[in-house]
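Open the model in your viewer and keep the selection tool at hand. The stops below are meant to be taken in order.

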Amino acid sequence: MQSLSSCSPSFGCFIVLTSCPENTHQVHENISLLASCLKLFNDKKSQYHSLEFHVVVQKNEQSQLFKSIHLYKEYYSEILSRVQDYYKYNFNVMMPTFDNDKDLIDHVNHSICSLNNISQQFDCYWIKRDYEHKNHSSISCSIYRNNFDSIFETIEILNAEEDKNHDDKYSYLFNEQGDQDSKSLGTIEQYAKYHVVCVGGTFDRLHLGHKILLTQTLLLFNNNDSNCEKRREIEIGVSVDNLLKNKKYKELIQSFEVRRDKVLKCMKEINPALNLDFVNIFELYEPWGPIATDPELEVLVVSEETLNGAKKGNDLRVNEKNFKPYDIVCIPLLLPKSNGSMVLSDLKLSSTQLRELDLPKTSTE
């Protein structure tokens, strides 16, 4: 059997297939699988000029958890915990899109080439759990290289132990209503509910926090109602000019065009079924944007930092514009897990910190 250390092309990609969990035990299993795959990813980093990592949430008729942003947050949190220099690589958690492996393979082969402008051969490692393997303490997984014709390698993964003496840390995923508070966290019931969704930000050096924001936006948007006569649009405001003047290291902020293209690429990677005709990415020159101009806006996606501003925007709509108020959905906070290799002081989950890494090196002498 070949080894993962074999001679490889300059570009590599990991595709980890995870079934949408039906209970907390299956969440534990998926997290264990993801942790082991990220270890393999870390081992491979030096062997490729460029390396990507995509988690595919597969359809499961018995579970609706793929509609919850909290599942995606748990996966991104695991990535953040296991890969200290995560910001150098492209990580994505893909919404359920494909009904079979062949369609998924065709999509990956096409999208990896087109989205990354690759013309040469690349390595694609598919990691898939063997569900016929029945063992509570471990998970058997097969690694396929470039297709599912033959198994490239088989790995055995020790399953994470669940602490029966305490409330399970993943139980909240199946009891979202009990997790709601004044921060207006999104719910499964809001999945694909809205026709006009808005989100805004600087989106400089697109990182995992941005991807949580964009994933929540995509979960809320009604992308599939072909019979709908209503206007459908995702409005994405990318801050420019005066909105950047107080940003630290503002001279290093990427151009609007670079940020726009990265946002669009990311959204297509998260939801390959997204109709890009519904996406409107525009330059945001002042704080309100569509909040003050679009009477059909139905929901605004925000972070904790911008939640108060979103509430003030609703006051503006109702009291000054005579518009209907929009719903507000606040994304959950993304932090590394304590069982990972990263400590909080190492965390680089802001564009400012990432710009700081690009500062010209100055002599201390």
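Contact, as used on this tour, means heavy atoms within 4.5 Å. The model is predicted, so local features need pLDDT of at least 70 and side-chain atom pairs count only at pLDDT 80 or more, while totals for chains, interfaces and linings use all residues. Residues are numbered from 1 along each chain as its sequence is written, and side-chain values use heavy atoms, with hydrogens and water left out.

**Stop 1: Phe91.** Select Phe91 and show its surroundings. Leaving aside residues up to four places away in sequence, Phe91 touches Leu38, Phe41, Phe53, Tyr76, Ile79, Val83, Tyr86, Leu208 and Lys211.

**Stop 2: the cores.** A nonpolar core is a set of buried Ala, Val, Leu, Ile, Met, Phe, Trp, Tyr and Cys residues joined through side-chain atoms within 4.5 Å. Buried means under 20% relative accessible area, exposed over 50%, and partly exposed in between, with a 1.4 Å probe and protein chains only. The largest core has 73 residues, of which Phe53, Tyr72, Phe91, Ile127, Leu208, Ile236 and Met267 touch the most other members. Helix 1 gives the most to this core, with 8 residues. Another core, of 14 residues, lies apart from it; Cys13, Ile15, Leu17 and Ile105 are among its members.

**Stop 3: helices 1 and 2.** Helices (H or I, at least four residues) and strands (E, at least two) are DSSP runs, numbered from the N terminus. Select residues 24-44 (helix 1) and 69-82 (helix 2): they pack at an angle of about 35 degrees, with their axes 10 Å apart. Axes are lines fitted to C-alpha atoms, for helices over the stretch in contact, and angles run from 0 to 180 degrees between N-to-C directions. Helix 1 contributes Asn30, Ile31, Leu34, Ala35, Leu38 and Asn42 to the contact, and helix 2 contributes Glu74, Tyr75, Glu78, Ile79 and Arg82.

**Stop 4: Lys45.** Move to the loop between helix 1 and strand 2 (50-58), where Lys45 is found. Is Lys45 buried or exposed? Lys45 counts as buried because its relative accessibility is 18%. Beyond residues up to four places away in sequence, Lys45 touches Leu51, Val83, Asp85 and Tyr89.

Stop 5: Now show the 5 strands that form an open, parallel sheet in the order 9-8-7-10-11. Two strands pair if DSSP finds at least two bridges between them. Strand 9 (279-284) and strand 11 (327-330) stand at the edges with a single partner strand each, so one side of each has no neighbour in the sheet. Strand 7 (residues 196-201) is joined to strand 10 (residues 299-302) by 3 bridges, and Val199 stands opposite Val301 in strand 10. Finish with helix 7 (residues 307-321), which packs on the sheet and touches strand 10 and strand 11.
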